[in-house]
Amino acid sequence: MKVGNISQTAYKRSIQKQLNPVREEILYAPTKEETCMAMKIQEEKAMVSAEATAFGASREIGIYAFVRAFNELLAWRAKPLAVSLAIMLPVRTSEAFLKQVVETVRMLCIQVHISIAEVKTEVNPMLQQVFVSVRAYGQGDPKKIIRTDGAQGGQDIVLCGSVGLEGMLRILDEKEKELQTRFVPSFLRKAKGLKENLTTFQIGKALEEFDITAIHQIGSGGIFASLWDLAEASEIGLVVERAKMLIAQETVEICEYYNLNPYCMTSSGSFLVVTQNGEMLVDHLEKEGIRASRLGVTTDENARVITSGDEKRYLDRPAPDELMVWWQRILSK
């Protein structure tokens with residue numbers, strides 16, 4: 001199989017068809033587009049959870065799993081309460097490395113006032129890299145949950161955050177010494193400073209009270225895959241401008257160095273949001289110090305169109321995430 005998320009066809013054929021009927025306590029049936037689940041506890045109370053994984057050789061690898069899982073709860077308008085960690089280590093890993101992985105997640109938990117409820121750790125001789133899984137738990141009102149499948153034709157699509165940022169930062173974490181031979185120190189310091197954009201969680205908080213109909217965190221496959229997922233989940237078409245897709249110059253240059261496409265690279269902490277008034281949302285976010293851009297509109301047709309000046313192309317089915325492609329190259333050497 002190809003690296004990255006499996007295709008929608010494979011998901012429907014090999015997973016969805018085998019799932020048992022969902023109990024009435026489970027609010028939504030599993031889908032490929034959603035990474036959260038919600039279980040009804042009381043009439044106006046639901047337990048919401050989301051799991052995310054990350055792997056690599058960086059001591060900060062847990063940050064990326066935490067960011068994705070935590071932000072999924074915020075996207076569903078749930079109040080985060082706790083996280084659990086599962087950490088699998090290669091045999092060569094030191095205890096000091098393990099301590100640092102846990103410490104980075106602990107500091108994020110302190111920042112957002114939640115607890116680490118559980119940590120499971122295992123040394124596995126099959127692994128080449130550290131593997132971290134974070135499951136975030138929260139509580140929300142079932143009537144206020146916003147998902148990926150709520151978009152309708154004739155609405156605005158807004159990008160909150162920066163394309164490919166997570167992927168670039170993970171590469172920088174892994175290959176800083178190599179990148180020091182290519183880029184000046186000030187450039188790399190600025191690139192590393194962009195990690196603050198992932199770990200402030202401003203976007204999720206800023207969207208809490210705004211009227212939106214759909215939201216999707218940009219994950220594996222990047223913004224192109226996430227646009228496809230949004231359209232598939234809501235059964236809509238879309239027209240968006242590539243020039244409106246915000247991207248840091250540091251992301252562009254590091255991706256060019258490794259011959260990677262940042263538009264097909266994971267960017268947890270960035271969101272696609274659908275609303276009736278995109279410009280108002282952009283103004284709202286920018287007042288909060290958050291980069292945002294109105295990309296285009298949803299349509300009642302099936303076509304998913306990306307424009308670039310006078311050129312027009314149709315969105316392809318999601319390609320493997322470029323970060324996974326990069327890792328495949330590294331690990332196959």
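## Basis

The model is predicted, so local features need pLDDT of at least 70 and side-chain atom pairs count only at pLDDT 80 or more, while totals for chains, interfaces and linings use all residues. Residues are numbered from 1 along each chain as its sequence is written, and side-chain values use heavy atoms, with hydrogens and water left out.

## The sheet

Strands (E, at least two residues) and helices (H or I, at least four) are DSSP runs numbered from the N terminus, and two strands pair if DSSP finds at least two bridges between them.

## Strand pairs

Strand 6 (residues 156-160) and strand 10 (residues 292-299) run antiparallel and are joined by five bridges. Within strand 10, Ala292 stands opposite Cys160.

Strand 11 (residues 304-308) is also antiparallel to its partner, strand 12, with four bridges between them. Val305 has Tyr314 of strand 12 as its bridge partner. The hairpin of these strands has two residues between the strands, and Gly309 takes a positive phi near 65° there.

## Cavities

A cavity is a set of points, on a 1 Å grid over the protein atoms alone, where a 1.4 Å probe fits but cannot get out; lining residues have an atom within 4 Å of a point. Grid points are joined across faces, edges and corners, and a volume is the space filled by probe spheres set on the points.

The largest cavity has a volume of about 70 Å³. Its lining includes Glu33, Arg68, Glu72, Trp76, Ile215 and His216, and helix 2 and strand 7 are the elements that give two or more residues to it. The lining divides into four nonpolar, four polar and four charged residues.

The second largest cavity, of about 30 Å³, is lined by Leu74, Ala75, Arg77, Gly204, Leu207, Ile212 and Ile215. Five of these residues are nonpolar, one is polar and one is charged. Here Ala, Val, Leu, Ile, Met, Phe, Trp, Tyr, Cys and Pro count as nonpolar, Asp, Glu, Lys and Arg as charged, and the others, Gly among them, as polar.

How values were computed. On a 1 Å grid over the protein atoms alone, a cavity is a set of points where a 1.4 Å probe fits but cannot get out, and a pocket is an open set with protein on both sides within 12 Å along at least five of seven lines; lining residues have an atom within 4 Å of a point.
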